[in-house]
Amino acid sequence: MAGIKSLAKDTAIYGLSSIVGRFLNWMLVPLYTIMFPVAEYGVVTFVYSVVALAMVILTYGMETGFFRFANHERWKDPVEVYSTSLLSLAVSSSAFVALVAVFLNPVTHWMECDGHPSYVLMMALCVALDAFMCIPYSYLRYRKRPMRFAMLKLVNIGLNIGFNLFFILLCPWLMKHAPSTVDWFYEPGFGIGYIFLSNLLASAVNMLMLLPELRGFRWRFNSRLWREMMVYSAPLLVLGIAGIMNQTIDKILYPHLVSDPAEAMYGLGIYGANYKIGILLLVFLQAFRFAYEPFIFSRSKEAGENKKQAYSDAMKYFIAFALFIFLGVMFYLDIIRYFISPRYFSGLKVVPVIMLGELFFGIFYNLSVWYKLTDRTVWGMWFSLFGLAVTLALNIALVPRIGYMGCAFAALGSYGCMMVASYLIGRRKYPINYKVGRLACYFALAAALYAAGVWLLPKAGMGAVAAGAVRAVLLLLYLAIFVKTEHLSLKDLLPRRR
């Protein structure tokens with residue numbers, strides 16, 4: 001239980017930065033959806049989908065590789081692992097920016113940014129900086145410094161939001177009332193480019209703030225260590241590419257699967273805005289991930305079955321709280337939806353499908369413990385490629401028929417298939433008693449409460465306030481059943497005093 005409490009504590013700290021940060025970034029969505037046309041927001045959705053894919057390629061699995069080799073019994077010096085990882089990413093990130101600069105015009109055309117090559121160059125610089133910074137952030141997690149990690153993340157997000165508000169709201173107001181203060185640098189026609197510029201400026205400042213993590217040790221490159229890290233991380237790169245493509249390929253393919261280009265960007269804008277609503281579950285998954293990798297690798301050094309019990313408990317608590325978040329979002333979607341412009345409400349039907357898909361992906365991530373600890377990361381590659389094949393097939397089959405709902409169902413089907421495949425093979429390779437029956441009961445409970453709160457209450461003719469109160473009772477009922485079933489008490493859930 002002590003290990004689970006430590007995991008929960010770190011998840012809470014990482015989660016604070018992720019939840020607050022994501023929520024603040026989420027607050028930019030109404031700004032974008034109000035200030036820019038739907039089709040232009042579709043371009044933003046497309047660009048950031050490509051950026052997410054580029055980010056995975058540029059980190060090429062080194063984040064997980066760093067944790068593995070920093071805890072490896074054969075490599076006694078984690079600083080050497082850190083330095084080697086940093087130098088590797090510094091070279092590859094610099095090469096990426098150089099390649100984009102050389103082929104800027106064709107890349108700009110492919111990125112749907114014709115006439116605006118500066119958009120692409122700014123995002124290339126931003127991705128390169130963020131890819132390099134993932135290792136200093138990993139080092140903070142390795143050294144168990146979640147507070148500094150959270151502070152840096154929140155400052156970065158705060159700067160990004162501040163720059164967005166400055167360029168998108170304040171500068172237009174100043175151009176109207178005091179043009180001489182901003183007309184020397186502000187160009188109204190730059191439009192969505194200020195979204196990308198804000199991101200770049202925030203990343204540059206964040207890089208300066210990470211300088212203390214880049215000093216105080218001797219920079220050295222161990223070629224033998226690097227080769228071993230690359231062999232370990234190469235399957236993770238394929239896994240990461242396939243995984244991020246599962247999340248973004250629908251948005252990249254969508255313009256090519258819809259016959260009318262104008263309608264394609266409009267539909268992509270609707271889908272992208274509503275996809276953001278499901279981000280609350282993704283925030284929890286990201287926070288859990290930040291704490292989970294250091295947790296599993298540190299636990300791997302223990303003997304006996306206790307470590308497997310800890311992995312099983314982690315899965316149980318993850319599913320329980322993820323279902324709670326799912327119910328909370330769905331119960332109060334009528335309120336949450338106003339974080340986007342009413343012009344986008346037609347796409348709200350994708351939200352439950354997207355969130356359930358993210359839940360399946362979170363379970364798959366928990367199941368990945370068996371191939372990461374046994375150094376058989378190639379299995380993660382095969383699972384992700386399998387999921388990508390399902391994603392491609394379902395998008396091609398469904399999008400021309402049902403539009404962006406096809407994207408949502410493709411994500412759900414892909415993550416579901418990956419989850420089932422990993423569980424079945426993991427039972428033979430590294431068996432962990434996950435108590436599937438009990439977990440299925442929590443799913444059934446959540447489904448029953450979802451049906452009661454989302455389908456039955458509106459038919460009962462209740463007012464909004466009364467329905468909200470009943471849904472709050474249903475959420476408390478879910479928590480009460482979970483606590484009772486697991487024989488938990490307040491003492492168990494709170495950290496012990498020393």
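In the predicted model, helix 4 (residues 62–70) and helix 5 (residues 78–102) pack at an angle of about 160°, and their axes lie 9 Å apart; helices (H or I, at least four residues) and strands (E, at least two) are DSSP runs, numbered from the N terminus. Axes are lines fitted to C-alpha atoms, for helices over the stretch in contact, and angles run from 0 to 180 degrees between N-to-C directions. Helix 4 and helix 5 are therefore roughly antiparallel to each other, where angles under 35 degrees count as roughly parallel, over 145 as roughly antiparallel, 65 to 115 as roughly perpendicular and the rest as oblique. The crossing of helix 4 past helix 5 is right-handed, a crossing being left-handed if the near helix is turned anticlockwise from the far one by less than a right angle, and right-handed if clockwise. Met62, Phe66, Phe69 and Ala70 of helix 4 make the contact with Pro78, Val81, Tyr82, Ser85 and Ser88 of helix 5 (contact means heavy atoms within 4.5 Å). These residues divide into seven nonpolar, two polar and no charged, with Ala, Val, Leu, Ile, Met, Phe, Trp, Tyr, Cys and Pro counted as nonpolar, Asp, Glu, Lys and Arg as charged, and the others, Gly among them, as polar.

Residues are numbered from 1 along each chain as its sequence is written, and side-chain values use heavy atoms, with hydrogens and water left out. As the model is predicted, local features need pLDDT of at least 70 and side-chain atom pairs count only at pLDDT 80 or more, whereas totals for chains, interfaces and linings use all residues.

Helix 4 is mostly covered, with nine of its nine residues buried, where buried means under 20% relative accessible area, exposed over 50%, and partly exposed in between (1.4 Å probe, protein chains only). The buried residues of helix 4 include Glu63 and Arg68. In the loop between helix 3 (38–59) and helix 4 is found Tyr60, which has a positive phi of about 35° although it is not a glycine. Tyr60 is buried, with a relative accessible area of 11%.

A positive phi of about 50° is also found at Lys435, again not a glycine, in the loop between helix 18 and helix 19 (436–459). Lys435, at 39% relative accessibility, counts as partly exposed.

Helix 10 (residues 223–257) and helix 18 (residues 404–429) pack at an angle of about 165°, with 10 Å between their axes. That makes helix 10 roughly antiparallel to helix 18, and the crossing of helix 10 and helix 18 is right-handed. On the helix 10 side, Gly243, Asn246, Gln247, Asp250 and Tyr254 meet Tyr404, Cys407, Ser414, Tyr415 and Met418 in helix 18. By class, this contact of helix 10 with helix 18 has five nonpolar, four polar and one charged residues.

A search of the whole structure finds 38 aromatic pairs, for which rings of Phe, Tyr and Trp (its six-membered ring) pair if their centres lie within 6.5 Å, with planes under 30 degrees apart counted as stacked, over 60 as edge-to-face and the rest as tilted. Phe167 and Tyr194 form a stacked pair, at 4.9 Å centre to centre and 20° between the planes. Phe167 lies in helix 8 (residues 146–177) and Tyr194 in helix 9 (residues 193–209), so the pair ties together parts that are 27 residues apart in sequence. Phe167 counts as buried at 7% relative accessibility, and Tyr194 is buried with a relative accessible area of 5%. Ring pairs link Phe167 and Tyr194 into a cluster with Tyr48, Tyr119, Phe166, Trp184, Phe185, Tyr186, Phe190 and Phe196.
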